[in-house]
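The sequence and structure are shown first.

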Amino acid sequence: MTATGIRRVGLMLAVLAAVAAIAAGVWRYGFVQALDGLARRGEADLTLAADRLTGQLQRYRDLAVLIAVHPGLDGADPDAVLLHAADRTSVLNIMLVGAQGQIIAAAHAAPARANAALEQSEYLARAFDGALGSGHGIDPGQGIRAFYIAAPRFAASGRVIGALVVAVNLEALEGEWRGDRPAVFFTDDDGRVFISNRSEILFWQREGDRLRPPQGPIPPFEHWQTGAHEIWRLDWGPYLPRSGLHLAQDLPKISMRAEALIDVAPARRLAGLQAAVVALVGLAVAAMLFWALERRRVLAMANATLESRVAERTTELSGAIAALRREVAERQEAEASLKQAQADLVQAGKLSALGQMSAGISHELNQPLMAISQFAENGALLIERGKSEAAAGNLARIAELAGRMGRIIRNLRAFARQENEPVRRIDVVAVVETALEMTEARMAKDGIDVDWQAPSGPVWAMGGEVRLGQVLVNLMSNAADAMAGREECRLLVRVDAAAERPVILIRDNGPGISAPEKIFDPFYSTKEVGASEGMGLGLSISYGLVQSFGGAIRGHNAPEGGAEFSVELEPWQGEVAA
């Protein structure tokens, strides 16, 4: 190899070493920067997980304080009071503790060792001091992890006469967010993992800067600092990152420490991509430099030949530029055609929506218009017979129905503009009775026996009075259509106020539903083709109306025959029992 060749090889090696050094520096800088962003997101996720846990436990603190002053605890059967509260809140147990630390009453029977554990607990001692105490441990009765909250009970003189202890099922709380990302665990003052969304590390114990299982071999673990961040490298299972950013946050409110492991693989990939780009750019620059030097040498040797080649190359570039301009023009034309097609699709969607709204308005106004017609005919007959007061009542009902039609149109117009009237408190019984009044003439005409037993008082729920009335009128009208031609027609209407969510039940003794899974599909109808009421939109619109205020509508065949529809509504939460 000549001296010139040796110099070229040495220069190439030096350039490669410089590019590698720069790429390594870029990787390090990019990795640290990516870790900063990862840490910010991880801290937000950790704070969210900690707030969710403390917020859930706060509800049980409030429960303990409320039950502690319940007058039924001083009655003849405090166990029943505690059992009722435990069943409605899904806690492990609720215990009434006397001033000497003995269990007086409990929602569920507690073993003798539970009394001993209570007497030795710090949270009960804190409650006897007049403050709200809390702690955690393994429940002696059921052998699962529990969080205990102790609220003091005071006599009229202000002296502490006992405490109320609520045992919260931590496993039930974990079930709501187990498997979520990132991996989060909560350690107690002893360094033990007591709560986590990764069950494989529960009860692991902290030893120094690492965690180890309660028994068995110690799994591999390393940790180091990268900038201001602590990185853990571990092999603890398939659902924990091999390399993770460790974050921690103290939670003095529940005497625990929240920790999280954020997978750093995305940060490594991003830093590697940045370093690769820099390396490629460096190599490209080096290649261009070598190419320029070599090109200059060749130019010096064959200047005359190069001039002709430059002219040829210029001609080729001119042709390439012209071709590129044509391609740009073609792309611009294609883009304009695409925009026009998109605009046509949007216009077609608008026309389709307008057609559906027109069909919906025709269907929804048909029932009130028929009722107005009937009231008008009856009013004319009443006037002929000289019963002006009864005729005035019919006119008042016509005015009321006209106003209701106006509200229906406003609701449909708002729906077309993607606007909804705000839900509010409504009396479900009053809405049902209004719907029965609107369909009363139809039921009497068809000889339908309406079985309606109103509850003793109003049943409050969240919804829209007009929209719910539309749904009920439609369901009752459909039931009347289904029972047409039968010798005995019965329509049962009920309001279940005892359920957790108020439910309206409408059942007929017609032929039932042939395809229950399709009844809420638009344009699906079992009525005769060409019938004025057979457009197939009623149940579809009713479905949307019920969902608009957070309810649910279902339809199926009743066991004794006929169709049964239920409308489930959100309960009104405006009043809370003391």
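## Overall arrangement

Of the contacts in the protein with a separation of 6 or more, 58% are between residues 24 or more positions apart. The model is a predicted one. It contains 12 helices and 21 strands, and 38% of its 578 residues are buried. The accessible surface of the protein amounts to about 32600 Å², and carbon and sulfur atoms account for 56% of that surface.

## Nonpolar cores

In soluble globular proteins, nonpolar side chains tend to be buried together. In this model, the largest nonpolar core has 49 residues. The members that touch the most others are Leu-82, Ile-94, Leu-164 and Phe-186. Helix H1 (residues 3-68) contributes the largest share of this core, 15 residues. Another core, of 47 residues, lies apart from it and includes Met-443, Ile-506, Val-546 and Phe-565.

When neighbours within four places in sequence are left aside, its contacts include Ile-67, Leu-73, Ile-94 and Leu-164. Leu-82 is also in contact with Met-95, Leu-96, Ala-105, Ala-106 and Ala-107.

## Helix H3

Which residues of helix H3 (residues 112-119) are buried? They are Ala-114, Asn-115 and Leu-118. These three lie on the same side of H3 because they cover an arc of only 100° around the axis. The other side of H3 carries the exposed residues Ala-112, Arg-113 and Glu-119.

The following elements are among those that cover the buried residues of H3.

| Element | Residues |
|---|---|
| Strand S1 | 93-98 |
| Strand S2 | 103-106 |
| Helix H4 | 122-128 |
| Strand S5 | 160-169 |

## The second largest pocket

Rolling a probe the size of a water molecule over the atoms shows where empty space is left. The second largest pocket has a volume of about 740 Å³. Its lining consists of 35 residues, and those closest to its centre are Tyr-123, Gly-135, His-136, Gly-137 and Tyr-148.

Which element gives the most to the lining of the second largest pocket? Strand S3 (133-138) does, with six residues. S1, H3 and H4 each supply at least two residues of this lining, as does S3.

How values were computed
Residues are numbered from 1 along each chain as its sequence is written. This is a predicted model: local features need pLDDT of at least 70, side-chain atom pairs count only at pLDDT 80 or more; totals for chains, interfaces and linings use all residues. Side-chain values use heavy atoms; hydrogens and water are left out. Buried means under 20% relative accessible area, exposed over 50%, partly exposed in between (1.4 Å probe, protein chains only). Helices (H or I, at least four residues) and strands (E, at least two) are DSSP runs, numbered from the N terminus. The arc is that of the directions from the helix axis to the C-beta atoms. Contact means heavy atoms within 4.5 Å. A nonpolar core is a set of buried Ala, Val, Leu, Ile, Met, Phe, Trp, Tyr and Cys residues joined through side-chain atoms within 4.5 Å. Accessible areas come from the Shrake-Rupley method with a 1.4 Å probe; for residues, only the protein chains shown count as cover. On a 1 Å grid over the protein atoms alone, a cavity is a set of points where a 1.4 Å probe fits but cannot get out, and a pocket is an open set with protein on both sides within 12 Å along at least five of seven lines; lining residues have an atom within 4 Å of a point. Grid points are joined across faces, edges and corners, and a volume is the space filled by probe spheres set on the points.
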